[in-house]
Amino acid sequence: MNRIYLIGFMGCGKSAIGRRLSFLLKMPYYDMDKEIVRQMGMTIPEIFEQHGERYFRDLETQFLQNLEQDHCIISTGGGVTMRKENQRIMRRTGLVLFLDAPFREIWRRIHKDPNRPIVRRSTREEIEALHKSRYRDYKRTAHITIRTEHRSLKQITQYAAFQVRRLKTERNNV
Ligand SMILES: Nc1ncnc2c1ncn2[C@@H]1O[C@H](COP(=O)(O)OP(=O)(O)O)[C@@H](O)[C@H]1O
Ligand SMILES: O=C(O)C1=C[C@@H](OP(=O)(O)O)[C@@H](O)[C@H](O)C1
Ligand SMILES: [Mg+2]
């Protein structure tokens, strides 16, 4: 399988980079959150409120299990690595890129955003602890880590494209 998955904490740039990377590499693009919102006809906060987080996590796993498109770029949601099943599917079906941004930058980007229910219900300290606790799973799941600090969206996209080409060549030569 030829998918490219972008993983990482909320606000690290998965959606912004994924969209740009799909233009650059001319590959179809899926943002998991947007697909779930479309499927449910509800916003992410509404899904959390009315059905609960567990239900949202089930929708994420179902998306990964049911997607038929082989050649595509997928921006995941920041909680996708919470489930081992999701980790396995992503590693088995594509290249996984972890966008690693420093927490202070992440916080600056997400703390006022009403569309992230986990941020809405938590303090800065709680979100920082969540970032720390998820870090190992991002590292474990990813084929490569891309550090994004002091880099523009354009620079990160170009670097990601370069790494994708390099990893694909490497795989084909094994
Ligand atoms: N390297 C960057 N430089 C400048 N802005 C960024 C960078 N990465 C992300 N952003 C901005 O931060 C916000 C959150 O990014 P987003 O792609 O929604 O994150 P994610 O999908 O990982 O939660 C967006 O407004 C995005 O344009
Ligand atoms: O980290 C999380 O648990 C979540 C991240 C969000 O996606 P982004 O990472 O694109 O913000 C979205 O899936 C939902 O609000 C839950
Ligand atoms: Mg996103």
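**Questions on a predicted protein model with two ligands**

Q: In which helix is D33 found?
A: This is a predicted model, and the UniProt annotation "binding site", from an unreviewed entry, covers D33 together with R57, G78 and R134. D33 also belongs to the residues that surround ligand 2. As for secondary structure, the segment of residues 32-40 that holds D33 is helix α2.

Q: Which residues does G78 touch, not counting residues up to four places away in sequence?
A: G78, which the unreviewed UniProt entry also lists under "binding site", is placed in the loop between β3 (73-75) and α5 (84-93). Although G78 is a loop residue, it counts as buried because it has 22 C-beta neighbours inside 10 Å. With residues up to four places away in sequence set aside, the contacts of G78 are G8, F9 and M10.

Q: Which elements give two or more residues to the shell around ligand 2?
A: By class they divide into 4 nonpolar, 4 polar and 3 charged residues. The elements that each supply two or more of these residues are α1 and α7 (117-120).

Q: Is S15 buried, partly exposed or exposed?
A: S15 is found in helix α1, and the UniProt annotation "binding site", again from an unreviewed entry, covers this residue. Apart from residues up to four places away in sequence, S15 touches D31 and S75. Since a residue with 20 or more other C-beta atoms within 10 Å is buried and one with 12 or fewer is exposed, the count of 18 for S15 makes this residue partly exposed.

Q: Which element gives the most residues to the shell around ligand 1?
A: There are 16 residues around ligand 1, and among them G13, K14, S15, A16 and R109 come nearest. Two or more residues of this shell are contributed by α1 (14-25) and by α9 (153-172). Classified by side chain, the shell has 5 nonpolar, 8 polar and 3 charged residues. The element that gives the most, with 3 residues, is α1.

Q: How far apart in space are T141 and N86, C-alpha to C-alpha?
A: T141 lies in helix α8 (residues 124-141), and it is buried because 20 other C-beta atoms lie within 10 Å. Beyond residues up to four places away in sequence, T141 touches I7, T81, Q87, M90, R91 and V96. T141 and N86 are 55 residues apart in sequence, while their C-alpha separation in space is 9.4 Å.

Q: What is the phi of K26 near, given that it is a positive value in a residue other than glycine?
A: Most residues other than glycine have a negative phi. K26 lies in the loop between α1 and β2 (29-31), and it is exposed because 6 other C-beta atoms lie within 10 Å. Its phi is positive, near 55°.

Q: Where is H150, another residue with a positive phi, placed?
A: The phi of H150 is near 60°, a positive value in a residue other than glycine. H150 counts as exposed because it has 8 C-beta neighbours inside 10 Å. Its place in the chain is the loop between β5 (144-147) and α9.

Q: What radius of gyration does the protein have?
A: The protein contains 9 helices and 5 strands, and its C-alpha atoms fill a box of roughly 45 × 35 × 25 Å along the principal axes. Among contacts with a separation of 6 or more, 78% join residues 24 or more positions apart. For 174 residues a compact globule would have a radius of gyration near 16 Å, and the protein agrees with this, having 16 Å.

Q: What is the mean pLDDT of the protein?
A: Where pLDDT is low, the predicted coordinates should not be read in detail. In this protein 99% of the residues reach 70 or more, and the model scores ipTM 0.99 and pTM 0.98. The mean pLDDT is 96.

Terms used. Residues numbered from 1 in each chain as written. Chains lettered and ligands numbered in written order. Predicted model: local features only at pLDDT ≥ 70, side-chain atom pairs only at ≥ 80, totals over all residues. Near = placed C-beta within 6 Å. Helix = DSSP H or I, 4+ residues; strand = E, 2+ residues; numbered from the N terminus. Nonpolar A, V, L, I, M, F, W, Y, C, P; charged D, E, K, R; others polar. UniProt positions renumbered as here; feature names shortened; annotations may be inferred. Contact = placed C-beta atoms within 7 Å. pLDDT = per-residue confidence, 0-100. Rg over C-alpha atoms; globule rule 2.2 N^0.38 Å.
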